[in-house]
Amino acid sequence: MKSTLQKITMALPAALLMVSVSAPAANAEIKASYLYSLSDFYGLVPYSWTRVVIDNWHAETYVLFQNNVKVFNGNGMEVYEFGDDIDVGIIYDVAIDEKTNIFLLTNNKQKYSIVRCNYRGEPKETIEIKGLPDELKGFIPFRMVYRKGNFYLASLSHMQIAVVDRNGNCLASYDIKPMLELSEEEKKKGSEMDMVGFNVDNDGNMLFTIPAIFKVFRLTPDRKLSSFGQPGSIPGKFGIVSGVAEDNRGNYLVVDKLKSVVMVFDKDYTFITEFGHRGVNPDNFIVPDEVAIDKGDKIYVTQTRNRGVSVFRLAYE
Amino acid sequence: MPRPGITRIKTVLFTVAIAKIFMLLSSGESFAFHSGGVAECMGCHNIHDAKSASALLAGTDISSTCLDCHGESGAGGYHIATPDADMPAGTPPGNMTPGGDFGWLKKAYTYSPRTGTTTVEPGERHGHNIVAVDFGYTADSTNTTAPGGDMDATKLACNSCHDNHGKLRRMGSDAAPTFGVTGAPIIASGSYGNSPAPAAGQAVGAYRLLRGPGSTAGSGGKTFTAVFNAAVPATYNRSEATTPTRVAYGYGISEWCATCHPDMHTATSSKMTHPVNQGLSSAEVDNYSKYKGSGIMTGSAATSYDSLVPFQTDNTRNYTTLKSLAVNDGSKATGPATSDRVMCLSCHRAHATGWPHMTRWNNDGELIAVDGVWPGTDSPSSIASQAKYAQGRTVTETTVAYNGATMHYASYQRSLCNKCHAKD
């Protein structure tokens, strides 16, 4: 066991450095500073492309990797883990509510459900999904986001979304593919464009990316679909888009795996800035994939090559 | 929130992982990003971003660039390498494409087939060890050159076989195609059963953007002279629990593989090796047609096709024929004729499999199924769970290694070599 001083030193290295990494565009008012990477007592947890979920009520971060959920405190240090030792099947995703319930999106014996766990990760209740419409026949959710009492479930490959309440009752559903208005040429090709990133903003708008067409989409609850994005290498244009999230001021964070950056757009889809860039320094990325943000403006970015989850703080000027 | 200590013993293998695999694979049509040829430049190249250490390619290396998209999480049509995050112990890779999931390269198994012995099966034995640093794929440490050839294993990359720019194209009619790296614009993928027939002045892409005559050499420096003629159903990344995914293979498959593995091909090797690109004998055709499992020879030609033991259709270049056979609904189940041929892919998959030597079935055991089921460490069968049968794999892993196929052979089933040879 390392000394407390050593632990603090490992947990907060970048708090001492606070390197500003952004190169803001002309109108940029946002800067991102690298803080640290999620760590345990032995150093950085070497995740590659993992799922990261924020518990804003308790200032904790949940990371799902290989059916194991690790919980990190507000300083990015691991404090708990569970998952391998409970019999709930395969865990696809995690969500946390304001009452410290932990919800797991699981697939057990070829049946998916939401499992409510207590604060120790012990299963307490299985919530079956009910009332899905015919258009979601065969619906297999792979992502789950909790917002204001409801769960947003997304099938990435089918491009379908279902909103269910705490009892699993379907409140609304969205079959995205017919809404995309594919060109005749795309239809003839039998093309499939799967969603990669999926999230829900603070107004209940559903966000997702489709990298094949270089776009980020926002779907309002009343089914109004809008999008933005153009292919290109210059700041603000897209290579391979992936994760997406809304910050605390209504801006959208978009991960680009090709450019290895996180881009920031305002609510009107106007590009503000981007940061990261490919490289091996702590404030660089190697193929970032997902992004999450907490209420303290810290953003969490997953990467490949065992670079774990990097944490930055956004500063608004 | 108060929490107990962080240490917990991890003991549970996942006995239900098959659910994830099967349920995620209910879709997966062809993808239009490449559209048979070169994709949008900005999808792979970072042209004008001087801030990145690598200003051109997305990944550290070529294969890493490919896996940025093709290695994404969640099984989908174009995904061919399950991320580490989705493959805990006991859970197989998620994709069930005809070529196989590169994730098998990371699935190592250790087991004791009998008291006092331990077998260690490295993951690298399961397939083509592409080098993709960003994703943890490294060069084959045992076969430092291509088996039966001399290509440097450290050079093996996706683009050793696939032309990342997809220049090879198929022109002319489906019935009498011609190939070239120029000649007409590529209008769509030519890989699928529903791919369009190119009109005059048009072309479709070569199967799976594979290299061929006129293509430049990719990583590893090999120049292909054969065309890989084939067609696949548009939905191909799927469980074969109910119906097989039939890839229609045509002329040139084994010659194409022999580009890097010449000593594995009877036409280019003086060594003793299993024949490839040779017509099946009447006895082998008869065996294939009648074989339903070890000791069970009651099958008929009309229903004998087995996607675990596919064959090359005649020596055809006729894409009308190939496209008609490329189905996933079981409607083309007729077995081979003597004009059909054995090929490399009769026994192997192109990317990786759940078995050593990247074979389609387990050749490292006496029996591939026992007590009427696929074996596995967590099998309820006291026989099927024995280490010498399970070989360190869960039932889910074994099942997915057979692309989800229901165990439909004999209750005690021996090697599928017997599909043609019926020695059991």
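A residue is called buried if 20 or more other C-beta atoms lie within 10 Å of its own, exposed if 12 or fewer do, and partly exposed in between, with C-beta atoms placed from the backbone. A:Asp297 is partly exposed, because 16 other C-beta atoms lie within 10 Å. A:Asp297 has a positive phi of about 70°, although it is not a glycine. The residue sits in the loop between strand E24 (291-293) and strand E25 (298-302) of chain A. Helices (H or I, at least four residues) and strands (E, at least two) are DSSP runs, numbered from the N terminus.

The model is predicted: local features need pLDDT of at least 70, side-chain atom pairs count only at pLDDT 80 or more, and totals for chains, interfaces and linings use all residues. Residues are numbered from 1 along each chain as its sequence is written, while chains are lettered from A and ligands numbered from 1 in the order in which they are written. The predictor gives the complex an ipTM of 0.83 and a pTM of 0.88.

Chain B has a mean pLDDT of 89. This score is the predictor's confidence in each residue, from 0 to 100. In chain B, 90% of the residues reach 70 or more. Residues 1-31 of chain B stay under 50. For this stretch the model has 107 contacts beyond four places in sequence. Two residues are in contact if their C-beta atoms, placed from the backbone, lie within 7 Å. Where pLDDT is low, the predicted coordinates should not be read in detail.

The overall form of chain B was examined next. Chain B has 9 helices and 12 strands. Its C-alpha atoms fill a box of roughly 65 × 65 × 40 Å, taken along the principal axes. The radius of gyration, taken over C-alpha atoms, was set against a globule rule of 2.2 Å times the number of residues to the power 0.38. With 424 residues, a compact globule would have a radius near 22 Å, and chain B has 22 Å, which agrees. Buried residues make up 58% of the 424 residues. Among contacts in chain B between residues at least 6 apart in sequence, 63% join residues at least 24 apart.

Helix H2 (residues 62-70) of chain B has 8 of its 9 residues buried, so the helix is largely enclosed by the rest of the structure. The buried residues of H2(B) include B:Ile62, B:Cys66, B:Leu67 and B:Cys69. B:Asp68 is also on the buried list. Helix H3 (158-161) of chain B is among the elements that cover them. Elsewhere in chain B, B:Asp314 has a positive phi of about 50° although it is not a glycine. B:Asp314 is found in the loop between helix H5 (282-290) and helix H6 (319-325) of chain B. B:Asp314 is partly exposed, because 18 other C-beta atoms lie within 10 Å.

In chain A, strand E6 (residues 68-72) is mostly covered, with 4 of its 5 residues buried. Two strands pair if DSSP finds at least two bridges between them. E6(A) is joined to strand E5 (residues 60-65) of chain A by 5 bridges, and the two run antiparallel. A:Thr61 stands opposite A:Phe72 in E6(A). E5(A) and E6(A) form a hairpin with 2 residues between them. A:Gln66, in the turn, has a positive phi of about 50°. E6(A) is also joined to strand E7 (residues 78-82) of chain A, by 4 bridges, again antiparallel. The bridge partner of A:Lys70 in E7(A) is A:Glu81. The hairpin of E6(A) and E7(A) has 5 residues between the strands, and A:Gly76 there takes a positive phi near 80°.

A further group of 4 strands in chain A forms an open sheet in the order E16-E17-E18-E19, with antiparallel pairing. Strand E16 (198-200) and strand E19 (225-228) stand at the edges, each with a single partner strand, so one side of each is left without a neighbour in the sheet. Neighbouring strands of this sheet are turned by 25° against each other on average, direction ignored. Such axes are lines fitted to C-alpha atoms, for helices over the stretch in contact, and angles run from 0 to 180 degrees between N-to-C directions. Strand E17 (residues 206-210) and strand E18 (residues 215-219) of chain A are joined by 5 bridges. Within this pair, A:Thr209 has A:Val216 in E18(A) as its bridge partner.
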